[in-house]
Amino acid sequence: MSNQPEQKPSSKSLKKDLYEAPDYYWIDELLTDEHKLVRDSVRAWVKKEVSPIIEDYAQRAEFPKVLITGLADIGAFGPTIPAKYGGAGLDYISYGLMMQEIERGDSGIRSTASVQGSLVMFPIYAYGSEEQKRKYLPKLASGEWIGCFGLTEPDYGSDPSSMVTHFEDKGDHYLLNGAKMWISNSPFAQLAVVWAKNESGEIQALIVERGMKGFTTPEIHNKWSLRASASGEAVFDNVKVPKDNILPNIKGIKGPLSCLNQARYGIAWGALGAAMDCYDTALRYSKERIQFGRPIGGFQLQQKKLAEMITEITKAQLLVWRLGVLKNENRATPAQISMAKRNSVETALNVAREARQILGGMGITGEYPIMRHMMNLESVVTYEGTHDIHLLITGMDITGLNAFG
Ligand SMILES: Cc1cc2nc3c(=O)[nH]c(=O)nc-3n(C[C@H](O)[C@H](O)[C@H](O)COP(=O)(O)OP(=O)(O)OC[C@H]3O[C@@H](n4cnc5c(N)ncnc54)[C@H](O)[C@@H]3O)c2cc1C
């Protein structure tokens, strides 16, 4: 980790968190005791550790490194990775609930957990050698090391198969050249799982460690979204990567896509956490804010907004719960995951926009979490497959016809 001192928020700026989770259809009854335990402990951690400081870090556009140990302690780094490699060994509904609760706090913090667990630990676990698993997974699970995932390039976002980053076999090492863009956590990550083409044009993954000559990670500044998450480039200028650092058991675009499936599944749950926070905030505000001599929640127009919000949230909660059951049974298809990711993020964005209106002018301030969630969701609707790309995946799945290219 960087040794730069972290500026702590003043006690005056610490926020009180009054969150009460909406559960209109008693979905709690569909959860096991273990699910509820995981959910409640992450919820308590977010209230205690994330909510009081997150607005301040977001305003300063800084990732709160102070949360890394806590994220590791609640099992957010590799929730489904077996305990023998340091993971939490949980099922997919627990993983989803964890992402829901973390994103209720902030999408940027959930992004860090998603990248670490689904995009860095998962490929090492699924496609790495036993030696690689033992070397990297425990360090990543404990948060001692933070990883990043390099797929997107400046000229290839929705179309990652066309990537130009490549490596050559130089006998005793691989020589890696190219550049990745929009890489979450890259500015301070100790390692990167980098997808690049071999000399035959096949996509493979290399583990690149900080300190390897020619590997740099300039930070991307001036973001209005995911301000509490660090995004950067990952640049490879004749980087000599040891041969031991290639993931031996995967070739082709299905490698990165399988990682994205894991992460998109988490986002489908996570975005609902942001939606639930916006709804809860707006509901409470509507009962307290008096205009024309009565609470604004008593006006039909505000009730319409709130009623539609909870309807959409409830539909999406049921969708992700069912997806979790399918995932536990190893039956969830990539297209089903796309549908849920797209639906949850769209729901969350709509809820955030309506909630913002219910709060009137106060809705645009950092006194409440809504504007931060709304801005964050503009990244969430774009990364891990854009809103339109997920629609095209559903379209292709139901018609059998490819409308991409
Ligand atoms: C904050 C943030 C963090 C990120 N973190 C990571 C990370 O950690 N690792 C990583 O590898 N990447 C990361 N990304 C990159 C992200 O996955 C890409 O931004 C995303 O895939 C879209 O690519 P693009 O931005 O190049 O948009 P483009 O692909 O250029 O798309 C632009 C627009 O064109 C549309 N479009 C593209 N193709 C089609 C088509 N065939 N038909 C119809 N419409 C189309 C898209 O839907 C979109 O609306 C991150 C992005 C952001 C913003």
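Visitor: How many nonpolar, polar and charged residues are in the lining of the largest pocket?
Guide: The lining of the largest pocket has 20 nonpolar, 17 polar and seven charged residues. Here Ala, Val, Leu, Ile, Met, Phe, Trp, Tyr, Cys and Pro count as nonpolar, Asp, Glu, Lys and Arg as charged, and the others, Gly among them, as polar. This is a predicted model, where local features need pLDDT of at least 70 and side-chain atom pairs count only at pLDDT 80 or more, while totals for chains, interfaces and linings use all residues. Residues are numbered from 1 along each chain as its sequence is written, and side-chain values use heavy atoms, with hydrogens and water left out.

Visitor: Which residues lie nearest the centre of the largest pocket?
Guide: A pocket is an open set of points, on a 1 Å grid over the protein atoms alone, where a 1.4 Å probe fits, with protein on both sides within 12 Å along at least five of seven lines; lining residues have an atom within 4 Å of a point. In this structure 44 residues line the largest pocket, and Gly157, Leu260, Arg264, Glu384 and Gly385 lie nearest its centre. Helix H4 (107–127), E3, helix H6 (254–288), helix H8 (334–358) and H10 each give two or more residues to that lining. H4 supplies the largest share, five residues.

Visitor: Which elements supply at least two residues of the shell around the ligand?
Guide: Helices (H or I, at least four residues) and strands (E, at least two) are DSSP runs, numbered from the N terminus. Strand E3 (173–184) and helix H10 (387–399) each supply at least two residues of the shell. The ligand is surrounded by 18 residues, the closest being Thr152, Ser158, Trp182, Thr386 and Phe404. By class, the shell has nine nonpolar, seven polar and two charged residues.

Visitor: What lies 2.6 Å from an oxygen atom of the ligand?
Guide: For polar contacts, look for a pair of N or O atoms within 3.5 Å. A polar side-chain atom of Thr386 is 2.6 Å from a ligand oxygen atom. Trp182 has a polar backbone atom 2.7 Å from a nitrogen atom of the ligand. For Glu384, a backbone N or O atom lies 3.5 Å from an oxygen atom of the ligand.

Visitor: Which element gives the most to the lining of the second largest pocket?
Guide: That is H6, with six residues. The lining of the second largest pocket divides into seven nonpolar, five polar and eleven charged residues.

Terms used
A residue is near a molecule or strand if one of its heavy atoms lies within 4 Å of it. A polar contact is a pair of N or O atoms within 3.5 Å; within protein, one must be able to donate a hydrogen and the other to accept it, and residues adjacent in sequence count only if both atoms are side-chain atoms.
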